[in-house]
Structure formats: structure tokens, C-alpha cells
Amino acid sequence: MASHGLSPSLNRLLLALKYATFQPRCCAVHKAHYSTVYNGNEKTFDKILIANRGEIACRVIKTCKKMGIQTVAVHSDVDSSAVHVKMADEAVCVGPAPTSKSYLNMDAIMDAIRSTGAQAVHPGYGFLSENKEFAKRLAAEGVTFIGPDTHAIQAMGDKIESKLIAKAAKVNTIPGFDGVVKTAEEAVKIAQDIGYPVMIKASAGGGGKGMRIAWNNEETREGFRFSSQEAASSFGDDRLLIEKYIDNPRHIEIQVLADKHGNALWLNERECSIQRRNQKVVEEAPSTFLDPSTRRAMGEQAVQLAKAVQYSSAGTVEFLVDSKKNFYFLEMNTRLQVEHPITECITGLDLVEQMIRVAKGYKLHHKQEDIPINGWAIESRVYAEDPYKSFGLPSIGRLSQYQEPVNLCNVRVDSGIQEGSDISIYYDPMISKLVTYGATRAEALSKMEDALDNYVIRGVTHNIPLLREIITHPRFISGDISTNFLPEVYPDGFKGHQLEASTRRELLASAAALHVASQLRSQRILVLYIRMFSLEVCGQWSLASPLLPLTINNTHRMLQSLSRDASGEIVLQYLGTSFKVRVLSKLAAELNSYMPEKVPEDTTSILRSPMPGTVVAVSVKAGDTVAEGQEICVIEAMKMQNSLTAVRQAKVKSVHCKAGETVGEGDLLVELE
Amino acid sequence: SKLREKYLINSSQRDCRWYSVSNLSVKERIEKKRKAALLGGGQKRIDAQHKKGKLTARERVELLLDPESFVESDMFLEHRCSDFGMEQDKNKFPGDSVVTGRGRINGRLVYVFSQDFTVFGGSLSGAHAQKICKIMDQAMTVGAPVIGLNDSGGARIQEGVESLAGYADIFLRNVLASGVVPQISLIMGPCAGGAVYSPALTDFTFMVKDTSYLFITGPDVVKSVTNEDVTQEELGGAKTHTTVSGVAHRAFENDVEALLNLREFFNFLPLSNQDPAPIRECHDPNDRLVPALDTIVPFESTKAYDMLDIVHAIVDERDFFEIMPNYAKNIVVGFARMNGRTVGIVGNQPKVASGCLDINSSVKGARFVRFCDAFNIPIITFVDVPGFLPGTAQEYGGIIRHGAKLLYAFAEATVPKITVITRKAYGGAYDVMSSKHLRGDVNYAWPTAEVAVMGAKGAVQIIFRGKENQAEAEAEYVDKFANPFPAAVRGFVDDIIEPSTTRKKICRDLEVLASKKQVNPWKKHANIPL
């Protein structure tokens, strides 16, 4: 076995080490960090139906198993082999893929409850979790809803009503006015009373929709004009909301837990300021920003609000916190939150277990003084999306390889997918919630770096490059964050990890090491000399493994091998970002300088029929913007439907086919701009 | 003593030796010729070659082979033409227009010829052909592959029939070596006229994009005969031959990438038909489970999926060297390894034309299967085939005789044959795709397999023609045939396996089948329906 472009002595060394065995990395398998022990004598339910899918359904099933409760999963037809279906004791198909026909299909879910005899329903988050109609129908059939009472859902579901209740419960609310504003001048007067800047929007609009910010009288008049028009036309409800705009705020929320006997606890805060398009990306508990007195004040107000609506079960009170630690009530979520695991990590409570106990009518075991802050927990939401496009546009695909870093200690991964799962257009593109835990924030952060580096995801584009950049950014590390973090830190959009001279050398040395190893089929290497620098790269790995644990000049690095080919092109994931490196022998590199540069032919703007067949459906029209991977049209050939998708994001220039038409191979179907 | 000093060579050496005057002049001439041979057609032409984005014949050989492993032969051979002023010294180049010899690729022996475009445009003289024939004969004697790096303007017109004779000498050796040692052609420049038949006779033809051409007659002749306007690239470029004609098996971006890929490709091949399929050290556990495969076949039986996903997931390290990836894409063929051992992979591709068999895919599959069989490479076949493609184009094109080629190739093959039915195995295409009946050694079905004469709808229309309750009959048919049982109860598949265990099972089977011995009845040669 001779090598290409390697000295004979090196060759001998490598051959000697060739048969060294590969040692798998070993570490304690993670267990969830619950400090409370489940009391088996406390009888709750025999069987619970989980009206949800994905990671949260799996999460609930895990606690049910611990409590000895039988579980029923519901699923759509495309989810029939999903993880939550496999984990549950029973599973019922409730309809086709679209959520409106399956996971939101109350009739089918009620049928599933009846046919399986489930005594209670856990709704998870999203879907029917805050649907009072669903809660009512359950109550009518004597099935327990694991969540708050209907009236609490209703009271907190309405933005304006919840704010009035909060005010009455002496909870800090954002100063503002809500009601019919007749003229622009009236709006200006209100704005002046509140003090600039103010936010103007239609009362009935949800989230940040149609929100306008005014810094002066003129902008207030303009905002009034737009918002009142929108209120009348879009919502048929001409009430306006004018309130103080909190500039550069943090989003901090308090977890509350209450029982049906008037007891309520606050389980500390979660810092959720890192967001993109109003969706959370990285959360942590506790917050670096709160001092004990602010924390206590926020916690006590959250409990006051919970008591005011006779809240039971787990819930979350969201606050905006300004730079002077003034906090204002935003809204209350009457369900289990996505980011609940970090609270579980620092308090040791199993929130799902508590929800089930409370739903059965048990009193809370804990007193407020029993609730600790033990260490620090951080959660990264790992999404199937392209972080290079507006911090994350959804991508879809099949997980061809998938390994969670659960072999590391103090890492918790909540997911509902596995290798081979499809990330489809029908559901949330979240792959998992990656939670790390440590005695200190620094420990939790360093563990998060390790966990992200060890996470193997192939087949879909994912946001690990962005997550890793966020958690290693000096501003994040110092705790200097706000909801504007991403646009402020990356004003021109996210561009991946930027290499410095030293890290560039590490990357090149690693790629060269891998290249040589793959040529020599050995498992241990080497001292490499590359042009002007020398780095020692050591490691034990298998060429078949996606993970490359390396020691580069005594620094431990976990790289991932994404691909390598015969022409020396190696794609490595290094510091979260994937880099393309070409490794050539000296001779090949010299000769390569004679090779001409080629301009790649642009075939991405034309979609041709790959086969003769019938056009079944055309999903786009001229002027539409299509995302990468989005279906453009469907061609049926030999009774088989083939979905043709966009290879990149683009605007549709023209459509040259219509449904029912017969097309030949190579016929032009759609042109993109 | 002056004289003595003058002719003392290597005075530093202990045993000083005397050389006669004539000896010295030979030595000088040797050095001079060697130097000239290394420069080919001279620095000016070398620069011109580089300017075209091409490497020289010698640079190519050097990059293809392990460092310092090249042993050249016939460096001093010159052409013998004396017409048209060819006899002049300035028209003689030591080694003429081709570099030949042997060397090693990752330590394994290979014979190489590399045509030198800088000498008379790489044109083929009698001497040029003689050099190629010599190394081909040696390759046959010792049992080692031959790689040809083609870059030639065609016949040496000045030599006339001598040149034509040279081509024929090479063709004959190509044919005699076929099935004895692997022969690979890499087209790195023009290759026109009769010259094209040497690559066509070899096992694999690769091309370099934008700088290589293969055609019988160039665009000028085409224009004068058929009045067609066509560019060199359209007529015989890499794209044409890898997507339309199926003449070339793969194309690479440039010389460097092509040669590096050729090295990689070479690792898959045995040295001769006397050698077993090579086994490389394997890091991928042979008992690795592949859970992703359990869900890969879609819920709806009419929905497509990518057969390459299955191939990549099963083979060692997801490493698959696909042959003809852009031609007849409804069948996937190529080389991979299972537990380190080279295997040939054949799979229907549901993503393209539903994975049906047509003329092109049958021929593509047949040639690949025959190569594997000739060189002791086990064949693993993944079946998801709805049948042969209907239509006048196919019937007029002779799908019957072309489809027969694939059938013939699978039936005749005596290497280990393992078949996995992933979904549909309908009609005659079921028989063709390495079925049990064609001496498949191990035939598996996944739980999603359906072995039947045709799909439910068509079958019911025939069985229950004119009857009502077609839907009910269809459901009954689906229940009966749209599953692996009808084949399994008859022993036509050996087992119904969980897809996730496929890799493990195939690796285990290949170990057992390594000692397989099967001989076809004696014949002069078989008569495949060409």
C-alpha cells in the first residue's frame, strides 16, 4: 500500500498504527435532572391521550411511563411511523397530513379518546393546548384536561382582557390606552400622556402584526391612519391599542405552577431574548440580568396574576424588561412552554408530572422556599432551516444520518425524530431542543459548544452554525443581550463562522490529516507540515464515522466530516460552520494551476420535465416567490406522482404548463428569475 | 597524461574507469535523447498545451501513478516514415507521440499509455501503435489492467496504411484483453475517426469536460454530408456522451480531477479475471443497523423516493462510485464496498420515470453486470421496477432485444448475486432483475415488496372485465398480491427482512458466497442478443 505524495518514513509510521483499534468515546448516559422523587402511591390516571406530535408528545410520554400511566398517541397518516407513535402504548390515526384535518381535528380526537378509554388529555403546546372549545368538549365527556380551567384559558387568551385582569391584580403593565380612538389628534394626545416612543396597533391583531412605532406626533398621526384602517378592514374591530414602546427590551418570563386549592408557586425566570422574527432561538435559566429582588418582584406578580384567574397547572407569565430593570406584563401562556426543560434543570421539578398531579386534584408538595436555582441551564432550538437566509428559512428533507450528543454528561435532548425521519412542510421544522446544564453559566455554555459540535445532522440544512456563533459571541457571553441581538450583531445577515489565521490553519491541518488518513486507511496520525506552518494533529477516529475527535496542537476539537471525494475536496464542519477545503499532493497542486477556471452553467432558473408524463398540478404562478425545495408542479408518469421542486429560492418568471397537459421529456415547465 | 585526465570520468570514484572516445559519444547521445524525449514536442508546444488547460502526457502519467513508480518503455523508439520529409532529424522525436510503461496506483500494478499531443498532435504512427501493443501484451502476460490516456488528432496521414494497421493491431489486443484484464480509457483531448474504437472496446471510458471530444467524423464532414450545423462540443463533447449517447461512463471537470478520480476508481477493480474482487480495510461496522431504511419507502405506493439514499446508507462509508450517473437515470449502477469488498450495485431508480426499464437502462445495466461477472465482482441488485416502458418509441427501437440483454447478463452471471426487492417487482421486469429464477444466490424482500404481474388496477380490469365492484376486486387483489407473501411462500424470495438489517445481512451473505463456484456449460462463446 503506497501513498500518494507522502514520505516513506511517514508511511511506515502509519502502517504500524493501521491496526490500532478504534476506541468509542464513552461517557455516562444522560438522565434528566429531576430531584423530586415520584411517589408511586399517589394514584393519578390509568391512561392519558397526548393530543400532540413530535418532541413534546415524546416528552409527555416519558413522564407518563415514569408514573406508570398508559399512553395513547394520535397521529396523522404521514406520522404513522413517527417516534411518538412508537413510544406510546396505543396510537390512533386522526386524519391526513394537514394539521387542520388531523392534530386540530377535534371530532377525530374525541373519537380517539372514546375508543381508547383515555381518562385525561395532555395537549402539549400549540395545536389545541389553548383552545377553550376543546377543553369544554372534554369536560362535557368527563375527560380531564391536563392544563388550566377553561375560564383561565379564556381570560388570558384575549390580549386586552388579560391586561385588564393583570392591572387589577397589581401586575405592572405597559402604560397605554386601549379603545376606540376617533381622531388623529386624540391619538397624539394619548401618546403624549404615555410618553414617546409609543406603539400603535389594532387591538384584535395578534403578535407583532401591523405594529407601528411612533417617536413623535407626526408619526403618531400616520400610525393612527394605518392602524385604524387595518383594524376596520382586517379584523372588523376598530379598537386601537396605543402603548409605551419598550426600546431594546429583554424578554424574560416567569414559570408558575398552581394547584386547584389556591396554591401557586413561581419557579424562577427564563431569559428568552435571543429571537428571530419573534421566535425564540436560545433560552437560558436563570437570567444574567435579574437580581434577587427583581426576580422576587416578578415572581410575586406572576403568582398574583395566576391567583387572580384561579389558575391551576403550569403556566408562563411573559414580561418585557427594560434596561433599568423595569418590567411590564406582556401576556400569559396557559400551557407548557417549549423551553420548560431549562426550568426543570435548575429547579429539579418534572413539570409534566406536576401538571398531571394537579389535574387529578392533588395539592402542590412544594412551598415557595423549596424552589431552588441550582446551576445554570441553556437551551438551543435546533431547527431544520437555513441560518444564512434571514437567520433561518425552513428547509425540508430526510434525516439521512442523525446522532444526538446524548453520550455527553449534562446534556438533554428533547426530540421527536430519528434517523430516517422526514422533516416535512406540514409541521414545525424544529429538530430538537438541545439543553445543557452546568454548575455555572460558563460550564453550561462550554457544554453547549461540545454538544453542538457532537450533534450529527445530515440530509437537511440546520441552524447549528448560527447557534454555535450565538453562544460563543462575546456579547452573549457577557450577558449583554436584547430581543434585537441578532440584527444588531449581524446587520448584514449571518455569514457563518469567520476564520482567523490560527483557526484557518487548524482547519487546513485537519482536512489534510483526514485526506491522508483516508488514503492510508489508518486510524492514528501524524505530524503534518503544510507550507509555512506545522501543526500536530492527533486523533482516534474511524473513517466511517461522521465525528472527528481531534487534538490539534494540544487543543481538543470535535470536527465533523461532511463529505470527501477523490479530487481531494473535503467538507468539514468546524466551529459549527461547514467549510470546503481542497487537499492536493504537491504535484497535483502544481499541475492544478494549469487548470482553467470554469463558470458554472446556470441551470437553476429553468425547470424541465425529467420524463414524459401528465401534469397533475401546478403549484405556482408567475410572480410567486418559491423557496428552495418548494414544490413547483407534479408530473404523473406510469401512475406515479413525481414532485418537481425549486432548486433555489427565486421568483417565478413564467409558467409554461398547466394541469392535465401531457409533456415530453425535457419540455420547459417553469422559468425562474 | 593530458589525455588521461580528459577522459577520466567520475574521478571521485575509487575504481577509476577508462572510456573510449566512441563510448563517450554514445553516452552523450543517450543523455541528449532522454532529454529530448522528456520534452516531447518542445517547450513551445508544452506551453500551448498548458494554455488549453491541458497537462502534458508525462505530467498526466506522473499524477496518475504513485510517485516514482513509473517505469517507461520504448523511450528511444522513433517513427520510420521517410516520405514527405518525415525522415529529417527535426521531424524525429525519441519515443514518438506516446509515452508508455508500467507503474503502480496505491501499490497495485498497472500498464499505461499516454498520447502526447505536443508531438505531431499525438497522431498515431506505426511506431506509436507498436509501443501501445507492447505494453498491452505485457499487461496480458502478467495480468494487470491497462489505462489509456487519449489525446490524439488521429491517424499519422504521412504514414497512410501503416497507421491504419497500427489501429487494427490495438483493436485486436483490446478485444483479446476484454474480460481478461480491466481496460480503462480516459479521453483528455481529441479522439476522432477510427481511433474512437479503441476506447469503445475498453471497459470504461471517462472524459474531461470541455477539452475532450469523441466522434467518427468532425463537424465539417457532418456539414458536408448531412448538412447539419453542429459544434464539436455538441457532436462529441463530454456532455453529449455522458447524457445522450451513453458512449462515456463519466466526465470530470479537468485533467487533475479526472486523474485523481481515476486513481480512486482503480481501487475498486481487481487486476485481472484471475483475481478476486479487492478487499480494502474497512472502518464501517459490517453489522451496522440502518434505521433510516425502515421508513425510506413512502407511505403511498405511487410516491417516488431516491434509490441512491438506500445505496448510500447500506454501503461502506456512503462511498459509491456511480457509473453513467447522467445517462438512463432510471437505473443506477456503480461500484461500492461491503465490509471492504468491492461490489457492483444495480438499482432501479423510482425517482426517474418511476424506475421502469427501457432500452437505454437495459443496455446500461447489462454492460455493467457483464463487467462485474467477468471480473469476479459480486452483484447486489435493488429492485423497485413497475415494468418495461410501453410505447411505439420503445417497441420500434427494439426494447425486446435490448431488454433481453439485461436478462441475459443477469442469467449468465456466476458471481455472487444478492437481490433486495424494496417495493415493486412487476411483470417480466421482476424476472429480469436478478430474480431467484436467474440463479440469484440470496433474494430478500422488504415488507413493502409487491411481486405481481402488474399493478392492482390493471390486473383487476383484465380479471374482472366488465364486472361491477371493480373497487372491491381491486382491494382483494391488493390484499393478495401487494405484499411479499406470494413470492415468499413459493420460495422465490428467501426471507422477508427488516430494511434496517439489510447491510448486516448482505455483509454476512457475501462472506459465505466468497467461495461460490458456478460454471456455465462449455461454449466457444455465448451469443448475447446484440
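This is a predicted model: local features need pLDDT of at least 70, side-chain atom pairs count only at pLDDT 80 or more; totals for chains, interfaces and linings use all residues.

Author: Let us begin with chain B, which has 20 helices and 19 strands. The C-alpha trace of chain B spans about 115 × 60 × 45 Å along its principal axes. Of the 530 residues in chain B, 55% are buried. Contacts within the chain can also be sorted by distance along the sequence: among those in chain B between residues at least 6 apart, 73% join residues at least 24 apart.

One pair inside chain B shows such a link in detail. Arg503(B) and Asp316(B) meet through their side chains in a salt bridge, at 2.9 Å from N to O. Arg503(B) sits in helix H20 (residues 502-513) of chain B, and Asp316(B) in the loop between helix H12 (307-314) and strand S12 (321-323), so the pair ties together parts that are 187 residues apart in sequence. Both of these residues are buried. As a general point, side chains of opposite charge can pair when their charged atoms come close.

Asn339(B), in the loop between strand S13 (331-338) and strand S14 (341-348) of chain B, has a phi near 50°, a positive value in a residue other than glycine. Asp210(B) lies in the loop between strand S9 (204-208) and strand S10 (213-215) of chain B. At 43% relative accessibility, Asp210(B) is partly exposed.

Asp210(B) also leads us across to chain A. Asp210(B) forms a salt bridge with Lys598(A), and the closest N and O atoms are 3.1 Å apart. In total the rule finds four salt bridges across the interface of chain A and chain B. Seven residue pairs are in polar contact across that interface. On the side of chain A that touches chain B, the elements giving two or more residues are helix H18 (586-592) and strand S34 (640-645) of chain A. H18(A) gives the largest share, four residues. Sorted by class, that side of chain A has 18 nonpolar, 15 polar and ten charged residues.

How much of each chain takes part? The contact takes 43 residues from chain A and 53 residues from chain B. The size of an interface is often given as the accessible area lost when the parts come together. Here the area buried between chain A and chain B is about 3,900 Å², and carbon and sulfur atoms give 58% of it.

Now for chain A itself. Its domain assignment lists domain 1 (47-146), domain 2 (176-244), domain 3 (250-489), domain 4 (501-593) and domain 5 (606-672). The centres of domain 1 and domain 4 of chain A, taken over C-alpha atoms, are separated by 48 Å.

Helix H4 of chain A (residues 106-116) can be followed from end to end. At its start, a side-chain oxygen of Asn105(A) reaches to within 3.3 Å of the backbone nitrogen of Asp107(A). The buried residues of H4(A) are Met106(A), Ala108(A), Ile109(A), Met110(A), Ala112(A), Ile113(A) and Thr116(A). An α-helix has 3.6 residues a turn, so residues three or four places apart point the same way. Among the elements covering the buried residues of H4(A) are strand S1 (47-50), strand S2 (70-76) and helix H5 (132-140) of chain A. Just after H4(A), Gly117(A) takes a positive phi of about 70°.

The side chains of Arg59(A) and Glu344(A) meet at 2.7 Å, N to O. Arg59(A) belongs to helix H2 (residues 54-66) and Glu344(A) to helix H11 (residues 340-347) of chain A, so parts 285 residues apart in sequence are tied together. Arg59(A) is buried, at a relative accessible area of 4%, and Glu344(A) is buried at 1%.

One runs from Tyr196(A) to Pro197(A), with omega near -5°, and Pro197(A) is in the loop between helix H8 (184-194) and strand S7 (198-202) of chain A. Another joins Ala285(A) and Pro286(A), with omega about -5°; Pro286(A) is in the loop between strand S12 (279-285) and helix H10 (292-308) of chain A.

Methods
Residues are numbered from 1 along each chain as its sequence is written. Chains are lettered from A and ligands numbered from 1 in the order in which they are written. Side-chain values use heavy atoms; hydrogens and water are left out. Buried means under 20% relative accessible area, exposed over 50%, partly exposed in between (1.4 Å probe, protein chains only). Contact means heavy atoms within 4.5 Å. A polar contact is a pair of N or O atoms within 3.5 Å; within protein, one must be able to donate a hydrogen and the other to accept it, and residues adjacent in sequence count only if both atoms are side-chain atoms. Domain bounds come from an automatic or database domain assignment. Buried area is the accessible area (1.4 Å probe) that two parts lose on being put together, summed over both. Ala, Val, Leu, Ile, Met, Phe, Trp, Tyr, Cys and Pro count as nonpolar, Asp, Glu, Lys and Arg as charged, and the others, Gly among them, as polar.
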